[in-house]
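This briefing is for a reader meeting the structure for the first time.

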Amino acid sequence: MANKWFETVAVAQRRAEKRLPKSVYGALIAGSEKGLSSRDNLESFDQLGLSPHIAGLARERSLATTVMGQAISMPVLISPTGVQAVHPQGEVAVARAAANRGVAMGLSSFASKSIEEVCEVNKQVLFQMYWSGDRDTMIQRLARAKAAGVKGIILTLDWSFANGRDWGSPWIPEKIDLKSALKLTPEALSRPRWFLGFLRTGHIPSLTTPNMAVPGTKPPTFFGAYYEWMQSPLPTWDEVAWLRAQWEGPFMVKGVGRIDDAKRVVDLGATALSVSNHGGNNLDGTPAPIRMLPGIADAVGDQIEVLLDGGVRRGSDVVKALALGARAVMIGRAYLWGLAANGQAGVENVLDVLRGGIDSTLLGLGKSGITELDRGDVVAPPDFYRSLGG
């Protein structure tokens with residue numbers, strides 16, 4: 001491909017689909033059951049309009065902000081996503097791209113690269129945990145994160161056990177052995193550029209989760225880690241407060257959709273919360289985060305940093321979220337498409353696309369910075385917002 005640069009995230013996704021084996025691409029597609037939530041995450045942004053000015057526009061715009069004590073160049077963070085078999089460098093490539101663009105990096109417990117590898121190339125890493133294992137195991141993970149240099153913790157609570165999809169789920173092996181390799185070979189050969197990328201490293205895609213390993217043991221497979229999580233008793237609010245108390249630094253709870261839950265997150269002393277439905281992979285029919293954001297921001301936005309995660313594909317989406325009360329947004333699939341399309345440079349490309357879109361939207365709205373945004377900048381149809389648990 002003569003020109004690897006892409007002008008929108010949608011172009012990156014099309015290139016990712018052409019480059020990735022069918023099962024790998026299918027694993028990245030969001031949604032559970034009928035896919036109502038995953039569609040609403042995207043379509044809800046399309047329903048919001050903007051109210052531009054035509055003169056007296058600011059010549060320069062400020063995009064910088066802080067989230068969880070981290071100074072970032074724009075109101076965008078890398079959201080933690082699981083095992084990244086889309087590119088040989090996986091999360092390390094993402095971390096380098098984020099560091100080069102002044103963006104904080106969320107790293108998943110289910111990542112294919114270790115906390116230590118990622119913290120070595122990005123000094124603004126936020127480590128994401130699930131309520132998985134016993135208390136001693138979780139304390140060990142926190143200690144390891146602190147030793148590696150992690151700046152904050154993200155506790156994800158918005159992932160349900162529903163995994164059936166009306167359009168079918170891709171086959172993902174427990175591990176890459178001879179049997180699974182033979183089954184996957186036709187797919188890999190149909191995408192030679194992806195296959196050769198791994199061959200050059202001398203390693204096949206890793207389906208292990210090094211950040212879930214108990215000290216002194218081999219990393220479990222993705223499904224091994226998944227099994228541990230599924231077998232762990234569901235946490236109470238008191239247990240969530242206990243975990244928060246084990247970490248002295250910034251702490252985020254991800255997955256909030258209800259106002260009453262948001263107030264509980266404030267009460268347990270969290271630094272931030274993320275309005276999210278896990279990219280549409282939670283309980284299907286959960287409204288898009290952008291619909292729930294204003295009610296939550298009104299209720300607790302003066303007491304805690306409120307972020308949004310879900311459906312962001314362009315800079316104007318970021319601006320809409322900020323105007324409706326978010327301090328920043330987190331992106332997931334957007335950067336995965338970039339990683340699949342062109343590795344580290346592709347992730348940087350996505351971040352540049354978002355930065356350019358934020359800047360041009362601020363220009364059109366007549367704002368000199370993101371702190372000037374308010375709800376008057378957004379045009380919403382009747383009955384757009386959802387206020388849950390108010």
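Helix α1 (residues 9-19) packs against helix α14 (residues 333-365) at an angle of about 110°, and their axes are 7 Å apart. The two helices are therefore roughly perpendicular to each other, a label for angles of 65 to 115 degrees, where under 35 counts as roughly parallel, over 145 as roughly antiparallel and the rest as oblique. From α1 the contact involves Val9, Ala12, Gln13, Arg15, Ala16 and Arg19, and from α14 Ala334, Trp337, Gly338, Ala340, Ala341 and Val350; contact means heavy atoms within 4.5 Å.

The model is predicted: local features need pLDDT of at least 70 and side-chain atom pairs count only at pLDDT 80 or more, while totals for chains, interfaces and linings use all residues. Residues are numbered from 1 along each chain as its sequence is written, and side-chain values use heavy atoms, with hydrogens and water left out.

**Terms for helices and axes**
- Helices (H or I, at least four residues) and strands (E, at least two) are DSSP runs, numbered from the N terminus.
- Axes are lines fitted to C-alpha atoms, for helices over the stretch in contact, and angles run from 0 to 180 degrees between N-to-C directions.

**Helix α11**
- In helix α11 (residues 259-267) the buried residues are Ile259, Ala262, Val265 and Val266; buried means under 20% relative accessible area, exposed over 50% and partly exposed in between (1.4 Å probe, protein chains only).
- These residues are on the same side of α11 because they cover an arc of only 110° around the axis, taken from the directions from the helix axis to the C-beta atoms.
- Their packing partners are α10 (237-246), β8 (251-256), β9 (272-276) and α12 (289-300).

**Aromatic rings**
- There are nine aromatic pairs in the structure; rings of Phe, Tyr and Trp (its six-membered ring) pair if their centres lie within 6.5 Å, and planes under 30 degrees apart count as stacked, over 60 as edge-to-face and the rest as tilted.
- Tyr130 and Trp229 form a tilted pair, because their ring centres are 6.0 Å apart and their planes are at 55°.
- Tyr130 is in the loop between β6 (125-129) and α6 (135-148) and Trp229 is in helix α9 (residues 222-231), so the pair ties together parts 99 residues apart in sequence.
- Tyr130 is buried, at 9% relative accessible area, and Trp229 is buried too, at 7%.
- One aromatic cluster is formed by Phe110, Tyr130, Phe222, Phe223, Tyr226 and Trp229.
- The charged end of Arg135 sits over the ring of Trp242, 4.3 Å from its centre; this requires NZ of Lys or CZ of Arg within 6 Å of the ring centre and within 35 degrees of the ring normal.

- Glu33, in the loop between α2 and α3 (36-46), has a positive phi of about 55° although it is not a glycine, and is partly exposed, with a relative accessible area of 36%.
- Met68 is not a glycine either, yet has a positive phi of about 50°; this residue is in the loop between β2 (65-67) and β3 (70-72) and is buried, with a relative accessible area of 0%.

- Lys22 lies in helix α2 (residues 22-28) and is exposed, with a relative accessible area of 70%.
- Thr209, in the loop between α8 (192-201) and α9, is buried, with a relative accessible area of 0%.
- Thr209 and Ser112 are 97 residues apart in sequence and 5.4 Å apart in space, C-alpha to C-alpha.
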